[in-house]
Amino acid sequence: MSDTVSLSVRALVEYAYRSGSIDSGFRTSTALTEGTKAHQKIQRQYGELDQKEVYLSAEVTMGPLVFVIEGRCDGLLVQEGLLTIDEIKSTSGDAGRIAEDTYPVHWAQAKCYAYMYAKSHGLNRMGIQLTYVEVGSDVQKRFQAEASFEELEQFVLDTVRLYLPYAQMRAEHERARDASIQALAFPFESYRDGQRKVAGAVYKSIAEGQRLFAQAPTGIGKTISTLFPAVKAMGEGLVRRIYYLTAKTTTRTAAEEACARMQAHGLQLHAVTITAKEKVCFQEEARCTKEHCEFADGYYDRINEAMLDLQREETLITREVIERYARKHRVCPFEFSLDAAYAADAVICDYNYIFDPRVSLKRQIDDQKRQTVLLVDEAHNLVDRAREMYSSVLNKSDFLNLQREFKGVHAGIHEAAKAVNAYFIAARKELGEQKHQVGFTLPEALLPLLETFALTAERELSASRAVSPLLLEAYFAVHGFLRTAKLYDERYVTCVESFRSEVRLRLSCLDPSHLLRQMGKGFRSQVLFSATLSPLSYYMDMLGGDEESYTVSVPSPFSREQLEVAVLPVSTRYADRERSRLPIAEAIGRFAAQGKGNSLVFFPSYEYMNSVVERFEELGIEAELRIQQQTMSEEERDAFLASFDAGKERALIGFAVMGGIFSEGIDLVGDRLNGVVVVGLGLPQVGLERNLIKEYMDRMGKNGFDYAYVFPGLNKVLQAGGRLIRSETDRGRLLLIDDRYLQPRIQRLLPEAWRDYEVLPRAGTGVIPL
């Protein structure tokens, strides 16, 4: 029985024609601001019998493999009785400089489409046309050719033959992978309480092609409970690829460790971790041109060999592995990781590679998506992350600075930046004495100014060897703004803010649920899981759930005796924070002294935390302190966590903020952490953006204050408190400081294990007895 290999025309010719020309032939042209419009403009000129966006597919058998190739050609034209494939390419450069043989990869793409159409319709001859259009000027240049079916077939066979060694290696790997999956047992001695239930729900959701919302308590082992059944589903042929999506490095590490554990039990699976470009780049400054980076220069000449080497030798492809092979083959580590991800069985990466339209992995054809499952870890974080992904902001100062930088240097950029800056000046005058203004429509007058700027900037960036960092940054900001403008609907608002000499314009997405649903469309299944998807109705609303979505909720497997909970009813409201500092500092001291060991204290803000730390230090309490800083390197973060050793002779108290790097995704097991104090309800700071969310949710018939403030705030509390009990043997004490914890509506949102608490006496000053 032959193995089947499914791939797009683009993937086939891109692999076969790796060269420096592909960089401008594929990747640059697809990023053009007006590329889609240019395509559509050409297509509107087609005749009555012509067709556009024609889906084509063909099977090619070579050796033991059957290649199923598919794609969409831009146009199918009827020209003097000859059917012609039209391949449209947009360029920001001078179309007049493009010669017939400049981009052989474009001819290759068109020839593949011509072969596919001729084969399916029994034609002996086809026309092939390349149409280049210069964005902005609409200058067009065409090249035409004809080919017999035999010539096209030979060309496609030769192209597939170049792809064959890689495809054979992949087919061999997949056979070994599937056999290893079928033999794979759960990689622990037994399931923890609740793990089997989560794993079963995940497998069922994948098998039935449904979205699942899973709430499972901290410490149950959610990572392996989701990855293991997804891997098993792959072995059954239900999925071909797994994306494990995370928000933080710590949860990414947990996924890598789960893959490593399964690998140690016999699993043969290629798992690739994508690390952000700025973190993995070998250069001091990430300037991705051949003039500035030896790893970008000649990338396409070396990438095929690098990929074959990587996939032959490695399975768990972490950041360190990517960097090692990137140095060995002198290729860009970030681009290398992306290319490796397209070929991997499992990809561990940030949310934005799937849900953010600006950076999502775009080379997935629909058939691949239908065979892909998304595992969304710590899914509660996706609500605010999605709002940020689907919003955009521009600052007046950027365009003023560009106007000054390019004065007398580049008239086009100078004038384009000046026009945008003038718009902001007019907006500031319109604000008058107001600090901000909110509207419910797009700034229509600004959009054509931004399009002109983007086109002018793009031409300069394409042509110049000495790229201006300010111009590049502004170009991407404008590109993102124009993209967001296309998403704008009743779920958006337009905010104009003025402060000092700055004017800021923001398109704010208030409700990301619709866009999350759109970006997730086409995937076989989505599993969104967290310890704190509570209340579940809120997260299903905000993350694009519907009535058909599955849900599973697992109670805590830990006994009540493992956790002691107390509430200190002190007001932590903003107006009361000054007088609350001393009683809170004293309570922390007493809490640490009574229990000994290590404690973490979480605050709603750095300002509040630092003011309490100041009072705490004045008390002269004997304790070792660790204090989270607003900016910390990875080494500093590691040192903070490493200080939480078990069996310390004197108390260690770590001060941190809710919603920060130490409040979720970290494991301080056993006596490394004995107590947690949570100060306040974690409510987001009252501000324009949150109030706009509140008003929108009120209009939608929801409780706007809960949606904008209470639910996101309590989630931070639950995450912070969840650092405490991580295993069946952990024991600890939890102190909640805020009088609102005694309110019934807040109590209902707390985990059941937290509701059996002791209320501590109120106090003004003096040590609070615990």
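**Cysteines, cores and a glutamine**

Cysteine 73 counts as buried, at 0% relative accessibility; buried means under 20% relative accessible area, exposed over 50% and partly exposed in between, using a 1.4 Å probe and protein chains only. The model is predicted, so local features need pLDDT of at least 70 and side-chain atom pairs count only at pLDDT 80 or more, while totals for chains, interfaces and linings use all residues. Residues are numbered from 1 along each chain as its sequence is written, and side-chain values use heavy atoms, leaving out hydrogens and water.

**Cysteines**

- A search of the whole structure finds zero disulfides, a disulfide being a pair of cysteine sulfur atoms within 2.5 Å.
- Cysteine 73 is in no disulfide; its nearest cysteine sulfur belongs to cysteine 112, 12 Å away.
- Cysteine 293 is in no disulfide either, and the nearest cysteine sulfur, from cysteine 281, is 6.0 Å away.
- Cysteine 293 is buried, at 9% relative accessibility.

**Nonpolar cores**

- A nonpolar core is a set of buried Ala, Val, Leu, Ile, Met, Phe, Trp, Tyr and Cys residues joined through side-chain atoms within 4.5 Å.
- The largest nonpolar core has 183 residues; Phe67, Phe336, Phe355, Leu450, Phe453 and Leu736 touch the most other members.
- Another core, of 37 residues, lies apart from it and includes Leu184, Ile242, Val373 and Phe529.

**Glutamine 719**

- Glutamine 719 lies in helix α26, residues 704–721; helices (H or I, at least four residues) are DSSP runs, numbered from the N terminus.
- Glutamine 719 is buried, with a relative accessible area of 1%.
- Leaving aside neighbours within four places in sequence, glutamine 719 is in contact (heavy atoms within 4.5 Å) with residues including Glu378, His380 and Ser530.

Notes
Helix = DSSP H or I, 4+ residues; strand = E, 2+ residues; numbered from the N terminus.
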